[in-house]
Amino acid sequence: MLKMAKAKLERGSNKPAYITAYGSGLNRRAFLRQTGAAAVLLGLIGAKPNILQAQESESRVGGFTEFTPLAVTLVKAVQLQLFPDDGDGPSSEQLNSFQYLIWALEDPENQADGDKEFILQGVGWLEELAKSTHGTSFIKLSIKDQDTVLKQIAKSRAGENWLSLLLYYLLESLTLDPIYGGNPDGIGWQWLEHQPGFPRPVKGKTYLDFS
């Protein structure tokens with residue numbers, strides 16, 4: 001069953017524009033600097049990971065088609081593994097990263113790319129893998145065991161793509177203007193020592209208001 005789930009989750013044939021946090025061997029600040037991930041989202045280079053080639057309708061896997069309370073808790077747990085509260089910069093909770101993710105997934109371009117569906121497919125796979133290897137839900141695992149499961153996922157192209165997409169949105173919540181729901185009070189900017197551009201967006205004149 002896991003092999004089938006893995007095969008169905010494959011999206012795209014190209015490697016993501018930057019490696020996932022898992023397997024990098026770097027702390028978060030070094031990871032951002034050496035991979036250029038922060039620069040990607042500060043508008044200097046690059047774009048979203050190229051993992052969005054069309055899939056046949058039967059490629060869906062897992063039991064999630066919407067962000068149920070369990071799916072929300074699972075995504076938040078993965079975000080906290082990627083951006084933990086470890087003293088090395090703001091955590092995903094401090095960045096309001098899930099709130100930002102929900103806002104970003106309503107972007108028409110992201111809807112067209114199928115980002116929400118892919119993230120939810122990955123959540124279903126995550127639960128299946130956790131139960132298969134550890135006998136319980138991912139959210140009931142220890143921090144160490146959660147890390148082990150995510151490292152297993154990152155070994156496959158599908159899993160790497162899934163984590164890369166989640167990481168991409170985490171980085172956006174770190175670097176974009178607080179008006180979009182993440183980066184409250186500019187805490188991400190402060191950590192990155194980044195000076196935002198002016199004029200800053202205001203309510204009623206944000207990106208989605210002009211899309």
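A salt bridge is defined here as a side-chain nitrogen of Lys or Arg within 4 Å of a carboxyl oxygen of Asp or Glu. The structure is a predicted model, in which local features need pLDDT of at least 70, side-chain atom pairs count only at pLDDT 80 or more, and totals for chains, interfaces and linings use all residues. Residues are numbered from 1 along each chain as its sequence is written, and side-chain values use heavy atoms, with hydrogens and water left out.

The structure holds 3 salt bridges. Lys116 pairs with Glu66, and their closest N and O atoms are 2.6 Å apart. Lys116 lies in helix α7 (residues 115-134), whereas Glu66 sits in the loop between α3 (37-41) and α4 (69-82), so the pair ties together parts that are 50 residues apart in sequence. Helices are DSSP runs (H or I, at least four residues), numbered from the N terminus. Glu66 is partly exposed, at 45% relative accessibility.

Glu127 and Lys131 form a salt bridge with an N to O distance of 3.9 Å. Both residues lie in α7, 4 residues apart, and about one helical turn separates them. Glu127 is buried, with a relative accessible area of 6%. Asp147 forms a salt bridge with Lys151, with the closest N and O atoms 3.2 Å apart. These two residues are also 4 residues apart, in helix α8 (residues 143-154), and are separated by about one helical turn. An α-helix has 3.6 residues a turn, so residues three or four places apart point the same way. Asp147 is partly exposed at 21%, and Lys151 is partly exposed at 42%.

Helix α8 was then examined along its length and around its axis. At 1.5 Å a residue, its 12 residues should span 16 Å, and the end C-alpha atoms are 16 Å apart, which agrees. The expected span is 1.5 Å times one less than the number of residues. The buried residues of α8 are Gln146, Val149, Leu150, Ile153 and Ala154. Seen down the axis, they fall within an arc of 140 degrees, so they line one face of the helix. The arc is that of the directions from the helix axis to the C-beta atoms. The buried residues of α8 pack against α4, α7 and α9.

The largest nonpolar core has 42 residues, and those with the most contacts inside it are Ile119, Phe138 and Trp162. Such a core is a set of buried Ala, Val, Leu, Ile, Met, Phe, Trp, Tyr and Cys residues joined through side-chain atoms within 4.5 Å. The elements giving two or more residues to this core are α4, α5 (97-104), α7, α8 and α9. Helix α9 supplies the largest share, 10 residues. Beyond its neighbours within four places in sequence, Trp162 is in contact (heavy atoms within 4.5 Å) with Val78, Phe118, Ile119, Gly122, Val123, Leu126, Leu150 and Ile153.

Asn161 lies in helix α9 (residues 157-175) and has 0% relative accessibility. The C-alpha atoms of Asn161 and Phe118, 43 residues apart along the chain, are separated by 9.6 Å. Ser173 lies in helix α9 and is buried, with a relative accessible area of 0%. The side chain of Ser173 makes a polar contact with that of Ser97 (2.8 Å). A polar contact is a pair of N or O atoms within 3.5 Å; within protein, one must be able to donate a hydrogen and the other to accept it, and residues adjacent in sequence count only if both atoms are side-chain atoms. Not counting residues up to four places away in sequence, Ser173 touches Leu95, Ser97, Tyr100, Gly182 and Asn183.

Key: Buried < 20%, exposed > 50% of the residue type's maximum accessible area, 1.4 Å probe, protein only.
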